[in-house]
Amino acid sequence: MSGPLVLAFETSCDETAVAVVRGRKVLSNILSSQVDMHARFGGVVPEVAARAHVEAIRSLTHRALGEAGVHPDDLDCIAATRGPGLVGALLVGFSFAKAMAWSKRIPFLGIDHMEGHLFAPRIDFDAFQPPAVVLLASGGHSQVVLVEDWGDYRVLGQTLDDAAGEAFDKLARFMGLGFPGGPVIDSLSEKGDPETIRFPRALPHRRYDFSFSGLKTSVVTRLEKARAAGVLPRREDVAASIQEAIVDVLVQKTMNAVEDHRVPIVGGGGGVLANRRLRTRLQEEADRRDVGLFLPRPIMCTDNAAMIGAAAGFRLERGERTGWGAPVDSALAL
Ligand code: KG4
Ligand code: ZN
C-alpha cells in the first residue's frame, strides 16, 4: 500500500500512544495506558496524565519506529493530536512531535482527535467511503456526524450534557464498579437482564441530539430508593438496564441520520464503540435498512495514534501543514 510515511502521537488523555503508518497501513501501533495510575482517583487526574506522558514518550517512540522497521530519516511527516483533550497532556505529544519534525526538517501536522476517530473505520475497511453517517462516542464527546467527503464534516447532533462514555464512567463509579466504567458495565451486562429497570431515554423528539444527565439522576434516585427499601436489584441487571438505555439512544439517533440523509454507509469511532451490545444493535439496525456498517476493531475504537497518523496522511497529501507556532487547542471542535 502506498501513501506518506507518518509517525503519529496521541496524548490527549490517559494513553500515551505512538504509531507509524504508511497511508492507511499500520506498521506499528503502541500504547501505554495509565488506567491503573488514575483508577485509585476514580478518574483521570490531568497533572498525573501529563507527567506520565513525559516519562513514556521517548521510549515508546523508539519502540514504534523499531517495530515498524523505519528509520526516522525516512519519515515524510510527524503528526500529533492538537485537541480536544487535556491541555497539559496534549502539550506533551504536540511539542515532542513538533520538535522532532523541526529537527528533521519535515512537515508537522496537528490533528483533531475526533477526525482521528473518524479515520479509524477507514484503517480497517477499504469499503468505508463517504457519504456516510458516523457515530462518534467517547469519554468526552458524543456526536452524529455526516461525512460528505473526507475533510468535509457536518456535526448533525451532539450531547447537550454528558458524553456517552462519561455517563458509563460516572454511573459505574456511583455503583462502586471502578474506572473506566464502560468496559466494566459491558462485561457485567452479559449476565444481566436489560429489562429489569426501564430507565428514561432522553430527548425523544430531537432527531440527533443526546442527553444523559436525566439517566444519571434516574439511576441515582432508583438505586437510593431501592437501597432504603432493602430490595437492591442485582448489579448485573442494573448494569444491563443502564447499558440498554445508553445504547438505545445512540442507535436511534444514528439511524435517524442514516434515514434523513439517505447514506448507504454508517460507521463508528471512539471508545464507546467497543461496547458489544452497541455493536450488535447497530449491526441489526443497519441490516434492517440495508446499509453497510463499518465498525473498527475495539482497539481501534479506543484512543490510539494510528488513527491520528491516517488522518495526517490524508491532510499531508492535500498539501496541508501546521505552522511551527501553532498552539494546542483543548476545545477544538470538528
Ligand atoms: O475514545 P476514548 O478511548 O477516549 C476519549 O477520547 O475519551 O473513549 C474512552 C471512553 C471511556 O468513557 C470508556 O468508559 C468508554 O470509552 N468505553 C466503553 C467501552 N470501552 C471503553 N464504553 C462502553 N463499553 C465499552 N466496552
Ligand atoms: Zn478518543
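Student: How do the residues of the shell around ligand 1 divide into nonpolar, polar and charged?

Tutor: In this predicted model, the shell around ligand 1 has twelve polar residues, five nonpolar and three charged. Of the 20 residues around the ligand, Gly139, Asp169, Asp186, Gly271 and Asp303 come nearest.

Student: Which elements give two or more residues to that shell?

Tutor: Asp169 has a polar side-chain atom 2.7 Å from an oxygen atom of ligand 1, and for Asp303 the distance is 2.9 Å. In His113, a side-chain N or O atom is 3.1 Å from a ligand oxygen. As for cover, ligand 1 has 550 Å² of accessible area on its own, and the protein covers 88% of that. Now your elements: helices H4 (113-124), H5 (164-174) and H6 (181-189) each give two or more residues. H6 has the largest share, with four.

Student: Where does ligand 1 sit?

Tutor: Start with the general idea: a probe the size of a water molecule, rolled over the atoms, shows where empty space is left. Here, ligand 1 sits in the largest pocket. That pocket has a volume of about 1100 Å³. It is lined by 39 residues, and those closest to its centre are Asp14, Ser138, Gly139, Asp169 and Pro180.

Student: Which elements give two or more residues to the pocket lining?

Tutor: Strand E3 (25-33) and helix H10 (298-301) do, along with H4, H5 and H6. For the lining, the largest share comes from H5, with six residues. By class, the lining has 16 polar, 15 nonpolar and eight charged residues.

Terms used. Residues numbered from 1 in each chain as written. Chains lettered and ligands numbered in written order. Predicted model: local features only at pLDDT ≥ 70, side-chain atom pairs only at ≥ 80, totals over all residues. Heavy atoms only, no water. Near = heavy atom within 4 Å. Polar contact = N/O pair within 3.5 Å; in protein donor to acceptor, adjacent residues only side chain to side chain. Areas by Shrake-Rupley, 256 points an atom, 1.4 Å probe, with all protein chains shown as cover. 1 Å grid on protein atoms, 1.4 Å probe; cavity = no way out; pocket = protein on both sides within 12 Å on 5 of 7 lines; lining within 4 Å. Sits in = over half its atoms within 2 Å of the grid points. Nonpolar A, V, L, I, M, F, W, Y, C, P; charged D, E, K, R; others polar. Points joined across faces, edges and corners; volume = space filled by probe spheres on them.
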